[in-house]
Amino acid sequence: MKIFAVALGVVMTSAVLAPSVAQASCASLWSARNQIYKDAGYCFKTARAIRVFGNAGCSFDDINDVPLSARQRAAVRDIVAEERRMGCGD
């Protein structure tokens with residue numbers, strides 16, 4: 001069962017979220033994925049992410065150093081897969 005993080009910061013299984021994911025926009029997936037990184041202290045590099053999330057209180061310049069739980073990593077992995085499936089750009 002896949003796990004997806006929604007923009008509200010709630011983690012739900014695909015069984016619960018399936019209809020929403022099917023209708024998810026690239027922007028909402030981008031936001032959900034980056035919210036996970038923001039909450040974990042990532043320092044964003046792109047102008048878009050800095051504009052939306054800011055870098056106040058960030059601690060990690062390298063995305064590979066961001067301490068994510070197994071559940072968060074799975075959520076990011078699933079969101080990225082959905083973004084690719086939908087043909088979302090950056």
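## Confidence

Over residues 5-19 of this predicted model, pLDDT stays under 50. The model has 26 contacts beyond four places in sequence for that stretch. Where pLDDT is low, the predicted coordinates should not be read in detail. For the protein as a whole, the mean pLDDT is 83, and 73% of the residues reach 70 or more.

## Aromatic pairs

The whole structure contains four aromatic pairs. In one of them, Trp30 and Phe53, the ring centres are 5.6 Å apart. The planes of Trp30 and Phe53 meet at 40 degrees, so this pair is tilted; a stacked pair would need planes under 30 degrees apart, and an edge-to-face pair planes over 60. Trp30 belongs to helix H2 and Phe53 to helix H3 (residues 47-53), so the pair ties together parts that lie 23 residues apart in sequence.

Phe53 also pairs with Phe44, with 5.3 Å between the ring centres. Here the planes are at 25 degrees, so the pair of Phe44 and Phe53 is stacked. Ring pairs join Trp30, Phe44 and Phe53 with Tyr37 and Tyr42 in a cluster.

Arg33 sits in helix H2, which covers residues 26-39. With a relative accessible area of 14%, Arg33 is buried. Beyond its neighbours within four places in sequence, Arg33 is in contact with Val76, Ile79, Val80 and Glu83.

Helix H4 spans residues 70-86, 17 residues in total. From its first C-alpha to its last, H4 reaches 24 Å, close to the 24 Å expected at 1.5 Å a residue. The buried residues of H4 are Ala74, Ala75, Val76, Asp78, Ile79, Glu82 and Glu83. An α-helix has 3.6 residues a turn, so residues three or four places apart point the same way. Just after H4 comes Gly87, with a positive phi of about 75 degrees.

How values were computed. Residues are numbered from 1 along each chain as its sequence is written. This is a predicted model: local features need pLDDT of at least 70, side-chain atom pairs count only at pLDDT 80 or more; totals for chains, interfaces and linings use all residues. Side-chain values use heavy atoms; hydrogens and water are left out. Helices (H or I, at least four residues) and strands (E, at least two) are DSSP runs, numbered from the N terminus. Buried means under 20% relative accessible area, exposed over 50%, partly exposed in between (1.4 Å probe, protein chains only). Contact means heavy atoms within 4.5 Å. pLDDT is the predictor's confidence in each residue, from 0 to 100. Rings of Phe, Tyr and Trp (its six-membered ring) pair if their centres lie within 6.5 Å; planes under 30 degrees apart count as stacked, over 60 as edge-to-face and the rest as tilted. The expected span of a helix is 1.5 Å times one less than its number of residues.
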